Amino acid sequence: MSKTLSILGGAAVMGLLATGGWYASQHSEASLITAAQAQEATANKDVETLPDVVLGQEDAPVTVIEYASYTCPHCAEWHKVEYPQLKKNYIDTGKVKFIQREVYFDKFGVWAGLIAQCGGDPKYYAISDMIYNKQKDWIGDGKPQTIADNLRKIGLQAGLSNDQVTACMNDEKRAERMVATFQKNAGDDKIDATPTFIIDGEKHSNMAWDDFKKILDDELAKQAN
């Protein structure tokens with residue numbers, strides 16, 4: 001099962017950044033991005049997109065791109081169950097190059113993305129795993145203050161400094177680039193649900209591990225011939 005993506009429109013996506021509050025610290029509230037800034041970012045074609053963060057060997061024969069949202073329960077389940085098998089048997093062995101592309105359904109997903117990307121590429125997948133594995137815990141009661149505080153804790157647990165986390169939480173330009181990247185990638189690949197996988201250029205919906213494994217093995221066999 002997947003979560004349906006229905007906010008690909010520019011105004012709707014950027015609106016999620018303008019609602020609610022993000023927090024400069026555990027005790028002071030600050031707006032993540034104003035409505036005017038959000039609308040301008042959507043209209044401004046010069047907003048620079050972010051490069052993919054690659055996990056695995058660059059020259060791996062098969063490429064898997066996952067579109068996922070940090071607030072999507074099915075994505076969290078995939079990362080708990082299927083992803084460890086993919087990493088152990090395919091990514092770590094040099095068979096698969098893996099790329100995660102973030103999808104944002106709501107402002108909380110953007111906030112989680114800011115924390116995941118806060119440590120740079122070397123820490124990205126480790127922090128991302130923490131966010132997925134602790135999804136129910138950091139969402140908690142669903143209140144913005146609770147979520148902000150819990151995501152801050154994840155950042156600190158990942159070895160980021162308090163100043164780093166605070167700076168990342170309030171990085172408006174990064175948030176604009178993240179949303180611009182999401183819009184471009186998801187639009188180009190016609191993504192309408194999460195998780196969705198692009199395996200060597202072919203789009204696939206969420207599936208059981210045995211089916212996923214078969215596709216990978218078939219692709220690897222083609223490459224070997």
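**Around strand E6**

Strand E4 (residues 54–55) runs antiparallel to E6, and the two pair over two bridges; pairing here takes at least two DSSP bridges between the strands. Helices (H or I, at least four residues) and strands (E, at least two) are DSSP runs, numbered from the N terminus. Across from Leu55 you'll find Phe98 in E6.

A quick word on the source: this is a predicted model, where local features need pLDDT of at least 70 and side-chain atom pairs count only at pLDDT 80 or more, while totals for chains, interfaces and linings use all residues. Residues are numbered from 1 along each chain as its sequence is written, and side-chain values use heavy atoms, with hydrogens and water left out.

E6 also pairs with strand E5 (residues 62–68), this time in the parallel sense over seven bridges. Tyr67 has Arg101 of E6 as its bridge partner.

So how enclosed is E6 (residues 96–102)? Seven of its seven residues are buried, so the rest of the structure largely encloses it; buried means under 20% relative accessible area with a 1.4 Å probe, protein chains only. Both faces are covered, with Val96, Phe98, Gln100 and Glu102 on one side and Lys97, Ile99 and Arg101 on the other.

**Out to the helices**

Now for helix H3 (residues 73–91), which packs against helix H5 (residues 121–133) at an angle of about 115°, with the axes 8 Å apart. The contact (heavy atoms within 4.5 Å) involves residues including His79 and Tyr83 of H3 and Tyr125 and Tyr132 of H5.

Conventions. Buried < 20%, exposed > 50% of the residue type's maximum accessible area, 1.4 Å probe, protein only. Axes fitted to C-alpha atoms, helices over the stretch in contact; angles between N-to-C directions.
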